[in-house]
Amino acid sequence: MRTQVGIVGAGPAGLTLARLLEREGIDTVVVEARSRSYIEQRVRAGVLEQGTVDLLDDAGVGQRMRAEGLVHHGIVLQVDGERHRLAMSDLTGGRTIVVYGQQELVKDLVAARLASGLRLRFDTECTDLVDLDTDRPRALLREADGTSSELECDLVIGADGFHGVSRQLVAAGSQVFERDYPFAWLGVLAQVAPSCDELIYARHANGFALHSLRSPTISRLYLQCTPDEDLDAWSDGQIWDELQTRLGVSGWTLAEGPILEKGVTPMRSVVAEPMRHGRLLLAGDAGHIVPPTGAKGLNLAIADVAILAPRIIDFLRRSESSGLDDYSDVALRRVWRAQDFSNEMTLMLHSNPDRFEDKRQQARLRYVVSSEAAQRSIAENYVGLQLA
């Protein structure tokens, strides 16, 4: 096979980039190791920044998001059993977030690509990327039946996540910055209407808890736990009891329902610099991981491809390579801003085994809920900063 841009990975980054390039007449092939049903059912992030929403609208894939997504104008911070609403829209000139599950966004992007009749190959693993320092890089592919093929490109985009072959190739020649946190999240998806129409971030002596939502009938809830937490040790009843304890305030009740899914998510930060090796460029989780507390992972993936798409177009149409050359530097400015914000939110909201640090972060959270200036900083970052 031959194409202008080979995209490895049919997640939000890869599919959004393919859509942006499609609208400019750039030929692409997207390959995905998993099945269509797998990527469309995989529950991941669901908080979209204002800039992400605007880009999806402009790309012509925002209709269902606008109809079904839940627009939020604020979040709730809870400390010492008291709730404090952070009015994001008031603090950011009207900017909002939209709660819309990543799997729903993926469904929209897949449907748009298939409706355009463009090449999207599921169950096709990229086993290696070769000739990356030439003008004809190639992706070596293996189909579900074991047969092999090759995809020759002008450029390859690695959007195949943290465990994909793209990150491994770039990381081998990059500096990799990492931080592991002493926390994890025990997350559940529950078939019950949300008990609050906004996200609640609660700091409690037992640990952090988050009340989130995916739809008017599905709640997403999290408990701070240890990275090596034994999920089997938690019955559904114990999970609800602990959620009631950590999220509970006088006069409010957390509604309970059947738990549809549960899992443990470790907290870590990873950044590869640069996000490029020859004609391979990384986007999304292949280039960086952030802890989920700041809701930045999906939004960073979309920001990467928003930066990358016009640079690819300049390169292919005008042989202008300066944009590709500075892509990593430009993208990483946003990545490191998001790392700082995500780190700040994570430490401020989680109980810390270091008693001094724990007390210090409690004091910080109390300052935030009492200071409009501090709230404005969090709100600006949460809805998405406009960075060059």
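Ala 295 sits in the loop between β20 (288-289) and α9, and its phi is near 60°, a positive value in a residue other than glycine. This is a predicted model, so please read every value here as computed from it.

**Backbone details worth a look**

- Most residues other than glycine have a negative phi, and most peptide bonds are trans.
- Ala 295 is buried, because its relative accessible area of 18% falls under the 20% cut-off.
- Asp 123 also has a positive phi, near 50°, in a residue other than glycine.
- You will find Asp 123 in the loop between β8 (120-121) and β9 (124-130).
- Is Asp 123 buried or partly exposed? With a relative accessibility of 35%, Asp 123 counts as partly exposed.
- The peptide bond that runs from Glu 273 to Pro 274 is cis, and its omega is near -5°.
- Pro 274 belongs to the loop between β17 (259-273) and β18 (276-277).

**The nonpolar cores**

- The largest nonpolar core has 70 residues.
- Which of its residues touch the most other members? They are Leu 17, Leu 21, Leu 129, Ile 157, Leu 308, Ile 312 and Tyr 327.
- Helix α9 (residues 297-318) is the element that gives the most to this core, contributing 11 residues.
- Leaving aside residues up to four places away in sequence, Leu 17 touches Ile 7, Ile 157, Val 305, Leu 308, Ala 309 and Ile 312.
- Another core, of 33 residues, lies apart from the largest one, and Leu 86, Tyr 201, Phe 208 and Met 267 are among its members.

**Leu 316, a residue of α9**

- Helix α9 is also the place of Leu 316.
- What does Leu 316 touch, not counting residues up to four places away in sequence? Its partners are Gln 4, Val 5, Ile 26 and Asp 154.
- Leu 316 and Ala 18 are 298 residues apart along the chain, and 15 Å separates their C-alpha atoms.

**Val 30, a residue of β2**

- Val 30 is part of strand β2 (residues 28-31).
- Val 30 counts as buried, because its relative accessibility is 0%.
- Once residues up to four places away in sequence are set aside, Val 30 touches Ile 7, Gly 9, Ala 10, Ala 18, Arg 113, Arg 119, Leu 120 and Arg 121.
- Val 30 and Val 305 are 275 residues apart along the chain, with their C-alpha atoms separated by 14 Å.

**How α10 and α12 meet**

- Two packed helices are described by the angle between their axes and the distance between the axes.
- Helix α10 (residues 322-349) and helix α12 (residues 372-383) have axes that come within 11 Å and cross at roughly 125°.
- That angle is why α10 and α12 are oblique to each other.
- Is the crossing of α10 and α12 left-handed or right-handed? It is left-handed.
- On the α10 side, the contact is made by Arg 337, Phe 341, Glu 344, Met 345 and Met 348, while α12 brings Ile 378, Asn 381 and Tyr 382.
- Sorted by class, the contact of α10 with α12 has five nonpolar residues, one polar and two charged.

Terms used: Residues numbered from 1 in each chain as written. Predicted model: local features only at pLDDT ≥ 70, side-chain atom pairs only at ≥ 80, totals over all residues. Heavy atoms only, no water. Axes fitted to C-alpha atoms, helices over the stretch in contact; angles between N-to-C directions. Helix = DSSP H or I, 4+ residues; strand = E, 2+ residues; numbered from the N terminus. Parallel < 35°, antiparallel > 145°, perpendicular 65-115°, else oblique. Left-handed = near helix turned anticlockwise from the far one by under 90°. Contact = heavy atoms within 4.5 Å. Nonpolar A, V, L, I, M, F, W, Y, C, P; charged D, E, K, R; others polar. Core = buried A, V, L, I, M, F, W, Y, C linked by side-chain atoms within 4.5 Å. Buried < 20%, exposed > 50% of the residue type's maximum accessible area, 1.4 Å probe, protein only.
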